[in-house]
Amino acid sequence: MDILSIIIGIIVGLGIGFGIAKFLEKSNVSNLIKNAKKEAASILKDAKTEAETTKKDKILQAKEKFLELKAEHEQVILSRDKKMAEAEKRIRDKESQISNELAKSKKANEDVEKKIADYDAKIEFLEKKQQEIDKLHRSQVEQLEVISGLSAEEAKNQLVESLKAEAKTNAMSFIQDTLEEAKLTAQQEAKKVIINTIQRVGTEEAVENCVSVFNIESDDVKGRIIGREGRNIRALEAATGVEIIVDDTPEAIILSCFDPVRREIARLALHKLVTDGRIHPARIEEVVAKTQKQIEEEIVDIGKRTVIDLGIHGLHPELIKIVGRMKYRSSYGQNLLQHSREVANLCGIMAAELGLNVKLAKRAGLLHDIGKVPDAESELPHAILGMQWAEKYGEKEEVCNAIGAHHDEIE
């Protein structure tokens, strides 16, 4: 009985426990469902909110894109309108220009037609006048024939014979006068030719000398200039192009060269070397190079000062150098530069007296002997060579002709 009661108690306890368990299970599921519904509602609410925000953003972006496209379109339209307006303005300007040109052309045509009409009227008037003059001339000729009893041809022949006789008389008189004048001036011209010849021949040897003398303090310097085995003197000759003659002449060395500029460079270089005391090939080349540069600068400076003193402007730089080189040349016993300056001044004075161009005359006078300072030997007469240089460096035709003709090589 007790076991049965226990069993029944256990069974009842199990039933109650199972019932409680079921109840608790149902209660948890209900809560879970409620929570899930709440969470789902929250998710739906958030999704709706986010959808509304996204929708507003998209609408706003679409509006902004629309406004941007609209602005771009308006800009394109404005640009197109501006281009069209400019094109229309150009067309209007062209039309206006063409209209003006047509108006001018029309006026010019009218003027030309008017002038043609005037010329036609004048030609017609002149033709009538010419006919009247011809008629009057014929009438006068007929009257003269009646008065003189000669025809026009006979009167012409008599006039020609009379003119021939007069011409013969005048010609004979002119020939006689010319002969008398030639007799009077022949002696003077002969004297002039002889004097010019004597002047040229008498100074020829003095002018054409090609040596310079370099004085030294003692003959000991000669040995230093010659150098060991003649190295120094060979270096000097090679650098300057001048033959250096060391002979028995006491306290003197001879510099021989046809080019006076080279002789001057050699003379100055020797003076510097002897004064300095250091004489060897390397030093010789250095001193000669410096001296050559110094002489070239001096030549340009002399040329510039000469043209400035004479008031000559616009001379080519090469011609200025040639003028400077004249300082180292002589002509018929006189320094060539001094001679050319004197000729320039004389030309200017004569031009002023004759009412001619003084500056042009001075220019021709200064340049007349530039052919006497060539860089190399030339077979041409110095007047022709000088004329060619003047032409090469852009001198006027009158100056070139004066240079070429001053010894009668050309007209």
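**Cores and a pocket**

Student: Which residues does L367 touch, leaving out those up to four places away in sequence?

Tutor: In this predicted model, L367 is in contact with L315, L319, V323, E395, V399 and I403.

Student: And the largest nonpolar core, which of its residues touch the most other members?

Tutor: That core has 27 residues, and L315, L319, L366, L367 and I370 touch the most other members.

Student: Which elements give two or more residues to this core?

Tutor: They are helix 6, helix 7, helix 8 (336-354), helix 9 (358-367), helix 10 and helix 11 (397-405). Helix 10 gives the largest share, five residues.

Student: What other core lies apart from it?

Tutor: Another core, of 26 residues, lies apart from the largest one; A235, L273, I295 and Y328 are among its members.

Student: Why would nonpolar side chains be buried together?

Tutor: They tend to be, in soluble globular proteins.

Student: New topic. What volume does the second largest pocket have?

Tutor: About 490 Å³.

Student: How many residues line the second largest pocket, and which lie nearest its centre?

Tutor: The lining has 21 residues, with V261, E296, I299, R325 and D375 nearest the centre. Helix 4 (231-240), helix 5 (260-276), helix 6 (281-310), helix 7 (317-325) and helix 10 (382-392) each give two or more residues to this lining.

Student: Which helix gives the largest share of that lining?

Tutor: Helix 6, with six residues.

Student: How many of the lining residues are nonpolar, polar or charged?

Tutor: Eleven are nonpolar, two are polar and eight are charged.

Definitions and conventions. Residues are numbered from 1 along each chain as its sequence is written. This is a predicted model: local features need pLDDT of at least 70, side-chain atom pairs count only at pLDDT 80 or more; totals for chains, interfaces and linings use all residues. Side-chain values use heavy atoms; hydrogens and water are left out. On a 1 Å grid over the protein atoms alone, a cavity is a set of points where a 1.4 Å probe fits but cannot get out, and a pocket is an open set with protein on both sides within 12 Å along at least five of seven lines; lining residues have an atom within 4 Å of a point. Grid points are joined across faces, edges and corners, and a volume is the space filled by probe spheres set on the points. Helices (H or I, at least four residues) and strands (E, at least two) are DSSP runs, numbered from the N terminus. Ala, Val, Leu, Ile, Met, Phe, Trp, Tyr, Cys and Pro count as nonpolar, Asp, Glu, Lys and Arg as charged, and the others, Gly among them, as polar. A nonpolar core is a set of buried Ala, Val, Leu, Ile, Met, Phe, Trp, Tyr and Cys residues joined through side-chain atoms within 4.5 Å. Buried means under 20% relative accessible area, exposed over 50%, partly exposed in between (1.4 Å probe, protein chains only). Contact means heavy atoms within 4.5 Å.
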